[in-house]
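Please go through the model shown below and work out, step by step, what its packing and its charged pairs look like.

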Amino acid sequence: MYNHRPPNHTTRFVDLPLSRLHIMEAGEGEPLIIVPATISELENWRELTKFMAQWFHVHFFELPGHGESSPFDGKFSSQKVAELVEQLVDELGFERFNLMGFSFGGILAMRTFKHLSRRIDRLIMISPCVDHRAIPVSSFRLSLLYNFNRFLSVPNVQRRFNDLIHNERTVHLAVKVLQTIGRLERTIPLEKKLPKTPKSTLAVLNAQINEILTADFDIEAGKSNTPCYFAMSIYDPILSFDTTLNVLQKHFSNVNTVRLTYPFHQPPKPFTYDELNRDFYETVDAFIRKDVPAVLRGSYPPNQ
């Protein structure tokens, strides 16, 4: 039975060689590092951090260049994030830890796992992006997205786009372009988020999208025995459930799968602590206790 009183959380800064990280911390027990998704600020992850703090000593951090974390020197990359996680767990004194990723955080979690697999006890993946082939678009549209993103990486173009999203009269136009070309969900409040996005974050976002459109992890000779918890909606409009599961099963021998029925990839607003417990407590608890069947089925209504 879950704790009806959410665990307390704190925020602080941690100075590391690669970045000054703004982190949120909650709970006790085994360490869990949650790697962020795109445009991730602490306030959007507070409830999930408290939820996972029922089992773990949780640390979530804003990506370098996002929120109050300082940007990397030079270009953003998932490999730098993996090295950053290594610096963070070393600084915190964690020899071993658990790792969690959502959406783009799936790429970051996979890259970190490849870099630090011998130190990771469990991998938790929620609607993860782990391979560009899971994006349900034609190769032509994928190429169009890739070239459009490259176009946005040109400094002059990026400056003009930055002007568009910070002008209340033109931000809706920029949003429509992104939604049409990128097939982004209408549930994502871009008209509220983009005007608050600094220029440095836009450059990081551009690099992140490039990795999403090209993600492809090498398959090792033998599958990892590290337990992997995988939860995703079979109706995810942005990523293919079957392709994502297939990719994970090529990397891990023990993939505990929860099939959800949400009609979205990202909820219109972050789930509350009580909603997370209602929908996920039993399967997460079973996974943590290592008393879980290979396949689990969520009984969640499709129109929540």
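Q: Which residues of helix H9 (residues 241-251) are buried, and where do they lie when seen down the axis of H9?
A: In this predicted model, the buried residues of helix H9 are Phe241, Thr244, Leu245, Val247, Leu248 and His251. An α-helix has 3.6 residues a turn, so residues three or four places apart point the same way. Seen down the axis of H9, the buried residues fall within an arc of 160°, and therefore they line one face of the helix.

Q: Against which elements do the buried residues of H9 pack?
A: The residues in question include Phe241, Leu245 and Leu248, which are among the buried residues of H9. The elements that the buried residues of H9 pack against are H3, S6, S7 and strand S8 (255-260).

Q: Which residues have the most contacts inside the largest nonpolar core?
A: In soluble globular proteins, nonpolar side chains tend to be buried together. The largest nonpolar core here has 50 residues, and its largest share, 6 residues, comes from H3. Leaving aside neighbours within four places in sequence, Val85 is in contact with Ile33, Val35, Phe61, Phe97, Thr112 and Leu116. The residues with the most contacts inside this core are Phe61 and Val85.

Q: How many residues are in the other core, the one that has Met24 and Phe280 among them?
A: The largest nonpolar core has 50 residues. Apart from it lies another core, which includes Met24, Leu48, Phe280 and Phe287 and has 34 residues.

Q: How many residues apart in sequence are the parts that Glu220 and Lys114 tie together?
A: Glu220 forms a salt bridge with Lys114, with the closest N and O atoms 3.7 Å apart. Glu220 lies in the loop between helix H8 (199-214) and strand S7 (228-233), whereas Lys114 belongs to helix H3 (residues 105-116), so the pair ties together parts whose separation in sequence is 106 residues.

Q: Where in the chain does Arg96, the partner of Asp121, lie?
A: Asp121 and Arg96 form a salt bridge in which the closest N and O atoms are 2.7 Å apart. The pair links distant parts of the chain, 25 residues apart, with Asp121 in strand S6 (residues 120-126) and Arg96 in the loop between helix H2 (78-92) and strand S5 (97-102).

Q: Is Asp15, which forms a salt bridge with Arg20, buried or exposed?
A: The closest N and O atoms of Arg20 and Asp15 are 3.0 Å apart. Arg20 is partly exposed, with a relative accessible area of 40%. For Asp15 the relative accessible area is 53%, and because exposed means over 50%, Asp15 is exposed.

Q: How far apart in space are Lys269 and Asn44, C-alpha to C-alpha?
A: Lys269 lies in the loop between S8 and helix H10 (273-288), and at 63% relative accessibility Lys269 counts as exposed. Lys269 and Asn44 are 225 residues apart in sequence, and their distance in space, C-alpha to C-alpha, is 8.5 Å.

Q: What radius of gyration does the protein chain have?
A: The protein chain has 10 helices and 9 strands, and its C-alpha trace spans about 55 × 45 × 40 Å along its principal axes. Buried residues make up 53% of the 304 residues. A compact globule with 304 residues would have a radius of gyration near 19 Å, and the value for the protein chain agrees, being 19 Å.

Terms used: Residues are numbered from 1 along each chain as its sequence is written. This is a predicted model: local features need pLDDT of at least 70, side-chain atom pairs count only at pLDDT 80 or more; totals for chains, interfaces and linings use all residues. Side-chain values use heavy atoms; hydrogens and water are left out. A salt bridge is a side-chain nitrogen of Lys or Arg within 4 Å of a carboxyl oxygen of Asp or Glu. Buried means under 20% relative accessible area, exposed over 50%, partly exposed in between (1.4 Å probe, protein chains only). Helices (H or I, at least four residues) and strands (E, at least two) are DSSP runs, numbered from the N terminus. A nonpolar core is a set of buried Ala, Val, Leu, Ile, Met, Phe, Trp, Tyr and Cys residues joined through side-chain atoms within 4.5 Å. Contact means heavy atoms within 4.5 Å. The arc is that of the directions from the helix axis to the C-beta atoms. The radius of gyration is taken over C-alpha atoms; the globule rule is 2.2 Å times the number of residues to the power 0.38.
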